[in-house]
Each structure stands twice: as structure tokens, then as C-alpha cells.
Amino acid sequence: MSMPKRIMMPRLLAPGLLTVVLLALVWLAAGCTPVVPPPAASNAGDAAAATATTEEATALEVSAEDAGVCTINPGGVAVLLPDRTSSPRWEMDDRRFFDEALTAAAVPYTIFNAQGDAVTQRAQAQQALADGAQVLILVNLDSRSGAAIIADARAAGAHVIDYDRLTVAGPGADLYVSFDNVGVGSLMGQTLEPLINGLDAELPRVVQLNGADSDNNATLVRVGYSSVATPYYDQGKWQLAADRSVPDWDPAQAGAIFSEILAEGGDGSQVDAVFAANDVLAGAVVQVLKRQGLPPVLLSGQDATVEGLQNILAGWQTMTVYKPIQKEVAAAVDAAVALLNCGDVNTLETNASFNNGERDIPFIKLDSIAVTKENIGETVVANGLRSWDELCSGEYAQFCPPADQR
């Protein structure tokens, strides 16, 4: 397991008592006391100096704690990603943006991926805390295991930022950074709504293929598109053919569930539209339709993945929701650095709060964008999330605009 990257702070110039007293007075007046890690020793003299420096720093830290003064913590940040299967974004996008942002912030950090295992994720969190991490940026696998990680962090005196997914068990994290997930679902509903109403079908049959029940985001996204669709179901204008959740956002299970839905409908009961909660689930729908020789349906998605955007270009998927991950990462890193440097979570630039069942969690809420074939270039490509080169590879080149028109 890789150790956190350490950013070394300057060594105190003199080990004398006078220097300690003067520095302590200056730092206490400023409201924080930095803990200064010793430099690597290259010889016996340097080792002795390093030891003296460490003793002075420890003395200052103890003095600050006795006075009730915040201590700037050099322990750094640990990012806890959930898996590689629920969405490609975690490894393809979030990891690279966290690498860039945390490197630019010049703080020690480590990035873990739990590979879908909650026990592994908690062990990774405990290892990070043992290695000195003071802020965990957590994408929980489920709220119960997330609450256990938060409890471990609190016991270690560390902060937790719920990233993208809210932990809805226990007292919750210090801060929640995510998109308006009800808004994500609403964008799906608002984009498909006029298209469903424009179908040449007396009673369009609609499927809601939801994300994992264990993920609070899936619940919120469903609320969003259901808020648009339910009035049509109630008025008898659309038929809700199925409303199913996909365990662990697993594409194989999504394909099996959608195949069952098609079989239950019988011959002549073609599904007309699917609210798929993300691009992975939408991709599973596309594969089933292709395998059964069926035409495309109106189909939503989320995350603006390469596969999702290629399916949009090819006419198999109608839209996806683009969540500017760079902004989400930047907000989380800014908050983490502030917490490392004695910031109070209540002074951070939050724009909302979200009740997790026990208390209101300060919330940095971000907005997302509906992407269709018509605006791919001016959204995900223009913002640098994707490039035309990666979208227009292989068989998908034929569906892309000419190079001089991109």
C-alpha cells in the first residue's frame, strides 16, 4: 500500500529556547500553531538537528493544545473511492482530478479504491488514519459502512467530507459536497418528457431502471425523474411498465433485469422509454436491445461517460447528465485544505444544507447539465472532460461531425 505523499515544511533555524518562545508567541498570536515535520537526515549532525527540531515542534503543539489553540495538521488527505463498476468516472475522472488538485494544493495525500468491498474501504480508511490522515474524502459504498468510517475518523480526531454520496446513517460527515441529485433526475425527466409525448404511441410504456437501493443518490435521482413522470402515469397518458432497482449499479444485473421486463411485457409490448439512472445502466439497456434485434428507445443516462456519449452519437441513447467533476473535486479539495488549516466547517462557502436523518449537514451543492447529441461539443468537449478523438474512435467515427466542424 502506498504511503501518503509528504510535503516537508521548513526546519526551525535554531533549537534554542529563545527561538521556541519567540516563535510560539508569534504563532499563538496568529491563532494556529504549525506542526513542523523534520527533514530527512543525511548524516549524524543532521539527524541530531532533526531530533531537536521535532522536540521543539512537539513542545509548541502541546503548548497550543493546552491553550485551546488550533493546530495546523500536516497529516494530509485520504480520498476513498468506491469501485470501478458503478461508473467509470471514479478511476477515469475523479482520480485524475484529485491528483491534479491535491498536488497543486501541496498537501500530502493518498487515493484508495475499495473495489466495491465495504470491508476493504473501512480498512483503507483505518490505514489512512493510522498513517496520519486528518481529512477523509469519502464516497461511501453504503451508509452503514460509511457511518462506521466516520466514527473511526471522529475517534482519531479527523474530519470527513462526504463526496458525491451522502451518508444517511449516524450523525453524518462534517460536510457534503455533491450535485443536486434530485436535479439530475429532473433533467432526465425534462429532456425525455416532450420526446415521449411526441411518440406515435397511444400509451407509451416507460421503464424506470434505478440505481442501487444502498446508494442515497439513486433514491434522489429517482425522485427527480419520477416527479416529471408520475403526473403522466396518474393521468393515464404514460404507462409505468416497470420500476426496478439494480443492486450495486451492476451492469450485468441491469441487463438481466431489463431482459426480464421485456419478457414480462410479451410480444407487441415494446418498451418506448427508459429512465436509466446512469450511463452504465443505459449501456446495459443498449446491449439487450441490440442482442434481441430491437430498435433504440428513448433512454436517459448520467456521468457523460465515453460509452454513454458514443451511444448518444450513434442514436442508441437520448441524453446523459454531465456533472462537472472538476468543480466537485475543486470544492472538496478547497474544503479539505481549509479543515487542515484550522478552518471551521461553518465558515466554508456552503450554499445549502441536507438533513441526513439526524442533523443538517452543510452542503456545497453543484448544478449539472443535460447533454444531447446537439450540445456535446459545447459542453463536455469544450470543458475538457472528453475529447472528440476519444469519442470518435473506431466504429463511432461515422457518427461524429467532420473534423473541421468540431
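Two strands pair if DSSP finds at least two bridges between them, and strands here are DSSP runs (E, at least two residues), as helices are (H or I, at least four), numbered from the N terminus. By that criterion strand S5 (residues 135-138) and strand S6 (residues 159-163) pair in the parallel sense over four bridges. The model is a predicted one, in which local features need pLDDT of at least 70 and side-chain atom pairs count only at pLDDT 80 or more, while totals for chains, interfaces and linings use all residues. Residues are numbered from 1 along each chain as its sequence is written, and side-chain values use heavy atoms, with hydrogens and water left out.

**Seven-stranded sheet**
- The strands S4-S3-S5-S6-S7-S14-S13, in that order, make up an open sheet with mixed pairing, whose edge strands, S4 (109-113) and S13 (352-355), each pair on one side only.
- Neighbouring strands of this sheet are turned by 25° against each other on average, direction ignored, where axes are lines fitted to C-alpha atoms (for helices over the stretch in contact) and angles run from 0 to 180 degrees between N-to-C directions.
- Helix H4 (residues 118-130) packs on the sheet, touching S3 (77-81), S4 and S5, and its direction makes about 175° with that of S3; contact means heavy atoms within 4.5 Å.

**Four-stranded sheet**
- An open sheet with parallel pairing has the order S9-S8-S10-S11, and its edge strands are S9 (239-245) and S11 (298-299).
- Strand S10 (residues 273-276) is joined to S11 by two bridges, and Ala273 has Leu298 of S11 as its bridge partner.
- Helix H7 (residues 216-234) packs on this sheet, touching S8 (205-210), S9 and S10, at about 160° to the direction of S8.

**Nonpolar cores**
- A nonpolar core is a set of buried Ala, Val, Leu, Ile, Met, Phe, Trp, Tyr and Cys residues joined through side-chain atoms within 4.5 Å, and buried means under 20% relative accessible area (1.4 Å probe, protein chains only).
- The largest such core has 46 residues, and those with the most contacts inside it are Val77, Phe98, Ile137 and Ile376; its largest share, nine residues, comes from helix H11 (residues 325-340).
- Beyond its neighbours within four places in sequence, Val77 is in contact with residues including Leu102, Tyr109, Ile137 and Leu340.
- A second, separate core of 43 residues includes Leu209, Tyr225, Phe258 and Ala276.

**Disulfide**
- One disulfide (cysteine sulfur atoms within 2.5 Å) is found in a search of the whole structure; it joins Cys392 to Cys400, S to S 2.0 Å, and both cysteines are buried.
- The torsion about the S-S bond of Cys392 and Cys400 is about -105°, so this disulfide is left-handed.

Technical notes: Buried < 20%, exposed > 50% of the residue type's maximum accessible area, 1.4 Å probe, protein only.
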